[in-house]
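Hi there,

Here is the structure I promised to pass on. Have a look at it first, and then read my notes below.

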Amino acid sequence: MPELPEVETIARGLANAVVGKTIADAVVSMAKIAVAPPGVSFIEALRGERIAAVGRRGKFIVVQLGSGRRLTVHLRMTGRLIVQAPEVSEPHPYTHIRLTFTDGWRLCFADVRQFGRMRLLAAEEVWDADGGVEPLSEDFTSEAFVSMLDGRRTPIKTFLLDQKHISGVGNIYACEALWEAGIRPNRPAQKVTRPARRRLHGAIRDVLQRSIEARGTSVDDYVDAEGLKGGFQNQLSVYGRLGEPCNRCGQPIMRTVLGQRGTWWCRGCQK
Ligand SMILES: [Zn+2]
């Protein structure tokens with residue numbers, strides 16, 4: 001599933017490709033994927049809308065429309081946004097929503113497993129009230145993170161995956177940040193020492209930033225808005241590296257299951 005760096009990369013690519021374009025028409029071939037406010041037609045509402053901006057909130061792509069409405073997109077497991085030039089006549093396989101712009105370009109939402117959603121929001125609609133802090137924002141300070149863990153008995157890795165606390169961190173970056181900070185993934189959050197919390201705060205920001213610079217991690221079928229794979233899979237320290245030697249201490253990387261998620265870590269240097 002795309003996490004913060006992948007969604008950020010997709011959003012930046014989309015911003016380059018579609019900002020300023022006006023939607024001429026929309027086609028929805030799977031109704032459950034296109035969500036609109038009660039009484040609003042997804043298709044009718046989008047006709048004539050201009051794309052004002054494309055950004056990201058957590059793991060959501062947020063398309064700001066000229067009227068003040070927004071489209072939020074969650075790709076879930078296999079969702080993809082594809083920008084097609086007018087000369088491309090073949091529809092992308094598994095396309096469920098197709099927006100055609102006045103200049104003939106198209107934005108397609110394709111999803112093999114159909115868990116993804118494109119949701120139209122009214123202009124004033126609040127949708128992310130439960131979302132946690134953005135880990136690359138100024139609000140995510142070291143002190144704020146240190147106190148977030150107080151009284152939390154849940155394993156630190158499970159805590160990191162909870163989008164109510166920190167927005168956009170998923171399995172890959174939780175594993176990588178815990179390795180970087182030298183913290184055992186199943187340690188209860190409240191038992192992580194204060195110096196280790198500060199290291200983890202820095203490590204979360206570091207792995208996310210480095211992955212954005214590498215245009216995300218392509219360990220499954222993730223590609224960006226231009227259809228290109230990311231490069232951070234070549235820099236992973238633990239994720240998916242079962243049995244390979246740790247880059248820091250040489251011990252073989254372990255895999256356990258924590259909160260029903262595969263968890264890669266090093267017994268030698270994560271305490
Ligand atoms: Zn190690």
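Let me start with a cysteine: Cys108 is buried, as its relative accessible area is 1%. Please keep in mind that this is a predicted model. Cys269 also counts as buried, at 16% relative accessibility. The cut-off behind both calls is a relative accessible area under 20%. How many disulfides does the structure hold? The count is 0.

Now for the chain as a whole. It is built from 6 helices and 11 strands. Its radius of gyration is 20 Å, close to the 18 Å that the globule rule gives for 271 residues, so the chain is as compact as a globular protein of that length. The C-alpha trace spans about 55 × 35 × 30 Å along its principal axes. Of the 271 residues, 48% are buried.

The contacts may interest you too. Taking those between residues at least 6 apart in sequence, 63% join residues at least 24 apart.

As for the surface, the chain exposes about 12300 Å², and carbon and sulfur atoms supply 50% of that area. On the charge side, there are 38 positive and 29 negative side chains, with the centres of the two sets 8 Å apart.

The loop between helix H4 (156–161) and helix H5 (171–181) is where you will find His165. Is His165 buried or exposed? With a relative accessible area of 15%, His165 is buried. Setting aside neighbours within four places in sequence, His165 is in contact with Gly132, Val133, Met148, Arg152 and Phe159.

Pro155 sits in the loop between helix H3 (142–148) and H4. Which residues does Pro155 touch, leaving aside its neighbours within four places in sequence? Pro155 is in contact with Pro185, Asn186, Arg187, Pro188, Ala189 and Leu258.

Happy browsing, and do write back with any questions.

Best wishes

Key. Residues are numbered from 1 along each chain as its sequence is written. This is a predicted model: local features need pLDDT of at least 70, side-chain atom pairs count only at pLDDT 80 or more; totals for chains, interfaces and linings use all residues. Side-chain values use heavy atoms; hydrogens and water are left out. Helices (H or I, at least four residues) and strands (E, at least two) are DSSP runs, numbered from the N terminus. The radius of gyration is taken over C-alpha atoms; the globule rule is 2.2 Å times the number of residues to the power 0.38. Buried means under 20% relative accessible area, exposed over 50%, partly exposed in between (1.4 Å probe, protein chains only). Contact means heavy atoms within 4.5 Å. Accessible areas come from the Shrake-Rupley method with a 1.4 Å probe; for residues, only the protein chains shown count as cover. Lys and Arg count as positive and Asp and Glu as negative; His and the chain ends are not counted. The place of a charge is taken as NZ of Lys, CZ of Arg, CG of Asp or CD of Glu. A disulfide is a pair of cysteine sulfur atoms within 2.5 Å.
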